[in-house]
Amino acid sequence: MTGYSRGASKPSRPQRPHPPRRRTGPSRPPVEDPARLAALETLRAVRQRDAYANLVLPQLLRDRRITGRDAALATELTYGAARAQGLLDAVIEACSDRPLSEVDGSALDALRLGAYQLLRTRIPSHAAVASTVDLVRAELGSGIAGFVNAVLRRVAEQDEAAWVDELAPDPDTDPVGNLAFTHAHPRWIAQAFAEALGSRDEPLKRALEADDARPAVHLVARPGEVSADELAAITGGDVAPYSPYGVHLEAGAGDPGDLEPVRERLAHVQDEGSQLCALALTRAPIEGGDNGGTDDRWLDLCAGPGGKAAL
């Protein structure tokens, strides 16, 4: 018979170690992430004051001396999240317990940034979620950070194709809506494309697909200052196929604002399509002489930074 006899003293039990005292602060220090922070602040500027992302982001990169891979990451995340906003918002709302109109604006900017990383980049899911949650926690606190974490984890349960299959309009009853959603376009733009092309099928699909692709960086050589051939030789780019002033830069070439011809104002960043718009206007027939009279005045309406007017 084992054990101890009645009346004998019981053997002492080994004391269990006390559990570690729960920390009241964050479990780890916040990670410096200048690239994602710059992307987040640019998205916020676009949402809050209708700013131009292509003007806000380069200035942030210069002011904070963000260069190299960090600058490339910030650029990809900013423009990608802005370009795919409609698709991202639909997925975010499907993964949230509240409508987007009730989500804090800054949290929504972060959700778009995180969802873009999960659905349209090769960034590992855990890194995309953790980095986004860190940004939100640092700015908005742990409560909203928990909400963002939960939503992004649901987003990560499927890839982009699966979300499109689940959320896009039926292609048989709404082909334009289906293609618009699939290629991250507002419906009214897809409808305008369809009317211009006279098609709701393959030509429309190809046009929207091309318009949704990550754009290359194009430069325009200022006429009279430098030729396209000279600009291509200086920058290592390729002469554009259509515009006589255009140069295409290689992917990952960095901030074009750092290029010497751009700093010296011999060239500017401008899409080749925008260059062709300006050239088309200069070649339109004008009645009257080119003598400064009223017949050859130009009125530039709806200009943004003024790139076409400058060309």
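Because the model is predicted, local features are reported only at pLDDT of at least 70 and side-chain atom pairs only at pLDDT 80 or more, whereas totals for chains, interfaces and linings use all residues. Residues are numbered from 1 along each chain as its sequence is written, and side-chain values use heavy atoms, with hydrogens and water left out. Helices (H or I, at least four residues) and strands (E, at least two) are DSSP runs, numbered from the N terminus.

A nonpolar core is here a set of buried Ala, Val, Leu, Ile, Met, Phe, Trp, Tyr and Cys residues joined through side-chain atoms within 4.5 Å; buried means under 20% relative accessible area, exposed over 50%, and partly exposed in between, with a 1.4 Å probe and protein chains only. The largest such core has 39 residues, and those with the most contacts inside it are Leu111, Val148 and Val155. Two or more residues each are given to this core by H1, helix H3 (68-83), helix H4 (85-94), helix H5 (105-120), helix H6 (125-140), helix H7 (142-155) and helix H8 (160-167). H5 provides the largest share, nine residues. Valine 148 is in contact (heavy atoms within 4.5 Å) with Ala107, Leu111, Thr132, Val133 and Val136, leaving aside its neighbours within four places in sequence. A second, separate core has 10 residues, among them Leu219, Ala221, Ala232 and Val262.

The sheet comes next. Strands of a sheet pair through backbone hydrogen bonds, either parallel or antiparallel. In this model an open sheet of four strands has the order E2-E3-E1-E4, with antiparallel pairing; two strands count as paired if DSSP finds at least two bridges between them. Strand E2 (238-239) and E4 are the edge strands, each pairing on one side only. Strand E1 (residues 218-221) runs antiparallel to E3 and is joined to E3 by three bridges, and leucine 219 stands opposite valine 247 in E3. Glycine 246 also belongs to strand E3 (residues 246-248) and counts as buried, at 1% relative accessibility. Not counting residues up to four places away in sequence, glycine 246 touches Leu219, Ala228, Asp238, Val239, Ala240 and Gln275. Glycine 246 and aspartate 271 are 25 residues apart in sequence, and their C-alpha atoms are 8.2 Å apart in space.

Charged side chains supply further links. A salt bridge is a side-chain nitrogen of Lys or Arg within 4 Å of a carboxyl oxygen of Asp or Glu, and a search of the whole structure finds 13 of them. In one, the closest N and O atoms of glutamate 76 and arginine 214 are 2.6 Å apart. Glutamate 76 lies in helix H3 and arginine 214 in the loop between helix H11 (202-212) and E1, so this pair ties together parts that are 138 residues apart in sequence. Glutamate 76 is buried, with a relative accessible area of 17%, whereas arginine 214 counts as exposed at 56% relative accessibility.

Another salt bridge joins glutamate 160 to arginine 120, with the closest N and O atoms 3.0 Å apart. Because glutamate 160 lies in helix H8 and arginine 120 in helix H5, the pair ties together parts that are 40 residues apart in sequence. Glutamate 160 is buried at 18% relative accessibility, and arginine 120 is buried at 18%. The side chains of arginine 187 and aspartate 174 also meet in a salt bridge (2.8 Å, N to O). Arginine 187 lies in helix H10 (residues 187-197) and aspartate 174 in the loop between H8 and helix H9 (175-182), so parts that are 13 residues apart in sequence are tied together. Arginine 187 is partly exposed at 43% relative accessibility, while aspartate 174 is buried at 18%. Salt bridges that share partners join Arg47, Asp89, Asp109 and Arg112 into one network.

Two loop residues complete the account. Aspartate 50, in the loop between helix H1 (34-49) and helix H2 (53-63), has a phi near 55 degrees, a positive value in a residue other than glycine. Aspartate 50 is exposed, with a relative accessible area of 67%. Arginine 265 lies in the loop between helix H13 (260-263) and strand E4 (267-269); its phi is near 60 degrees, again a positive value in a residue other than glycine. Arginine 265 counts as exposed at 53% relative accessibility.
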